[in-house]
Amino acid sequence: MVKKKEDKKQEEEMKQEEEMKHEVVKEEIESEVEPTSIAASPDEVNILSETEIKEVEKEKKPAQKTNIEAWIPKTEIGKKVKSGQLTSIDDILDSGRGILEYQIVDALFPVLESDLLMIGQSKGKFGGGKRRAFRQTQKKTKEGNKPKFTTYAVIGNKDGFVGLGSGKAKETVPAREKAFRNAKLNVFKIVRGCGSWECNCKTPHSIPYKVQAKCGSVKLTLMPAPKGTGLCIEKECAKILHLAGIKDVWSKIIGQSNTKMNTIKACEMALKNLMATRITVETKEKLSVLQGSAALKAAEAME
Ligand SMILES: [Zn+2]
């Protein structure tokens with residue numbers, strides 16, 4: 001009996017020691033993860049930014065609506081757009097000259113929709129947290145961690161024109177504004193058509209031919225699909241295609257598609273490859289190819 005009691009005592013002691021060790025290890029880890037900063041504890045900073053992210057994500061739209069009347073254009077194209085000499089975005093894009101003022105796009109597109117792409121990830125245990133619109137990165141400095149936010153925006157008129165752009169800043173709101181501005185500057189034209197052999201409807205609801213693009217290890221293929229298919233593609237790419245005005249598409253993706261930046265860039269390049277492909281007049285009619293906006297083409301035909 002005495003021996004048993006001694007054994008129990010020993011066991012208890014062992015347990016206590018182990019617990020002590022665990023605590024020490026925990027403290028060590030915590031001290032490593034969160035270095036003491038002078039201004040504010042890193043915990044507070046993280047909590048603030050998390051709520052901020054949620055608020056910003058709710059809006060998902062640029063805070064300031066650009067006032068075109070108050071805009072003073074600096075470039076030649078800008079001046080022409082303001083005075084009403086240039087009324088079509090086609091003329092600017094076909095001339096090969098870059099758009100340097102985002103107000104040009106605002107002035108030329110009456111209806112412009114926008115969205116943020118989920119490139120980031122919130123903190124979380126057990127295999128990571130939810131996807132977020134802001135990618136949060138940190139730089140280690142003497143004063144503490146310096147967070148930075150990156151985001152990717154997409155704009156489009158759902159009728160043949162899309163733009164993609166990224167923005168990076170120390171806070172979320174300026175990053176988002178930068179992203180929208182860059183997306184407007186990078187607006188480009190796409191080609192639509194009906195290239196599916198299952199569907200011979202002669203309306204531009206899909207793409208006319210298969211295109212492929214690669215960024216990093218991500219290799220993305222877009223394929224024409226018959227009417228009613230929907231967007232059978234990765235979520236973020238679906239957002240881009242939706243704003244571009246493509247309704248039906250099939251896709252194939254090879255590589256590390258969890259690297260969202262690369263996936264988005266591959267999608268952008270694939271869409272640009274649609275314009276880069278040269279086709280004969282007969283195939284153009286056969287696949288009912290449409291470049292750019294259907295509404296603009298209809299307006300031109302009326303005139
Ligand atoms: Zn069709």
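1. Strand 11 and strand 12 (residues 249–254) run parallel and are joined by two bridges. Helices (H or I, at least four residues) and strands (E, at least two) are DSSP runs, numbered from the N terminus. Two strands pair if DSSP finds at least two bridges between them. Cys232 has Trp250 of strand 12 as its bridge partner.

2. The basis of these points comes next. Residues are numbered from 1 along each chain as its sequence is written. The model is predicted: local features need pLDDT of at least 70, side-chain atom pairs count only at pLDDT 80 or more, and totals for chains, interfaces and linings use all residues.

3. Contact requires C-beta atoms, placed from the backbone, to lie within 7 Å.

4. Strand 5 (residues 144–156) has several partners. Strand 1 (residues 113–117) runs antiparallel to strand 5, with five bridges. Here Ser114 stands opposite Ile155. Strand 4 (residues 134–141) is also antiparallel to strand 5, through eight bridges. Gln136 has Phe149 as its bridge partner. Strands 4 and 5 form a hairpin with two residues between them.

5. Strand 6 (residues 161–169) is joined to strand 5 by eight bridges, again antiparallel. Thr150 is partnered with Lys168 in strand 6. This hairpin has four residues between the strands, and Lys158 takes a positive phi near 60 degrees.

6. Helix 6 (residues 172–185) has 14 residues. Its expected span is 1.5 Å times one less than its number of residues. That gives 20 Å, and the end C-alpha atoms are 20 Å apart, which agrees. Buried residues in helix 6 include Thr172, Ala175, Arg176, Ala179, Phe180 and Ala183. A residue is buried if 20 or more other C-beta atoms, placed from the backbone, lie within 10 Å of its own.

7. Chain totals follow. The protein chain has 10 helices and 13 strands. Of its 303 residues, 30% count as buried. Among contacts with a separation of 6 or more, 62% are between residues 24 or more positions apart.

Methods. Buried ≥ 20, exposed ≤ 12 C-beta atoms within 10 Å, placed from the backbone. Contact = placed C-beta atoms within 7 Å.
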